[in-house]
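User: I'm new to reading structures and would like a close look at one part. Could you walk me through it slowly?

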Amino acid sequence: MSCGEPHETDCSEVLDHLYEFLDREMSESDCTKFEVHFEECSPCLEKYGLEQAVKKLVKRCCGHDDVPSDLRAKVMGRIDLIRSGQAVPDQDVTVSGADLPLAQE
């Protein structure tokens, strides 16, 4: 995804680190760099807005459920594997319903 214009920060870098930006898990200088990119690049801004809306919706609908520590560890381990470029084993991809907290309605 790109608007076709050259940017100081490449669109692929912005999209690769979008959740870090959304969660404010990056330095202030990197956040500023991404904000400048969003001002210049409408496709990335649109993707940011969509992901921000999804994040808010998930928080509103599921934000009160406690996540089991073993499930959190599995997810974080998977994220680390993906970020390092390692192959992700298929057998660990699915999570049984017993691992998930019940949603309160």
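How many disulfides does the count come to? And please take me through helix 4 and the core around it.

Analyst: Before anything else, this is a predicted model, where local features need pLDDT of at least 70, side-chain atom pairs count only at pLDDT 80 or more, and totals for chains, interfaces and linings use all residues. Residues are numbered from 1 along each chain as its sequence is written, and side-chain values use heavy atoms, leaving out hydrogens and water.

On to your question: the count comes to 0 disulfides, taking a disulfide as a pair of cysteine sulfur atoms within 2.5 Å. Take Cys41: its closest cysteine sulfur is in Cys44, 3.6 Å away, which is too far for a bond. Cys41 is still buried, with a relative accessible area of 0%, and Cys31 is buried too, at 1%. (Buried means under 20% relative accessible area, exposed over 50%, and partly exposed in between, using a 1.4 Å probe and protein chains only.)

Those cysteines belong to the largest nonpolar core, which has 12 residues, among them Cys31, Cys41, Cys44, Leu22 and Tyr48. Such a core is a set of buried Ala, Val, Leu, Ile, Met, Phe, Trp, Tyr and Cys residues joined through side-chain atoms within 4.5 Å. Helix 1 (11-16), helix 2 (18-22), helix 3 (28-40) and helix 4 (42-62) each give it two or more residues. Helices here are DSSP runs of H or I, at least four residues long, numbered from the N terminus.

Now for helix 4 itself. It has 21 residues and reaches 30 Å from first C-alpha to last, close to the expected 30 Å; that expected span is 1.5 Å times one less than the number of residues. Cys44, Tyr48 and Glu51 are buried in helix 4. Looking down the axis of helix 4, its buried residues fall within an arc of 70 degrees, so they line one face; the arc is that of the directions from the axis to the C-beta atoms. Here's the handy bit of background: an α-helix has 3.6 residues a turn, so residues three or four places apart point the same way.

What does that face meet? The buried residues of helix 4 pack against helix 1, helix 2 and helix 3. Turned away from the buried side of helix 4, you'll find the exposed residues Ser42, Glu46, Lys56 and Arg60.

Technical notes: Contact = heavy atoms within 4.5 Å.
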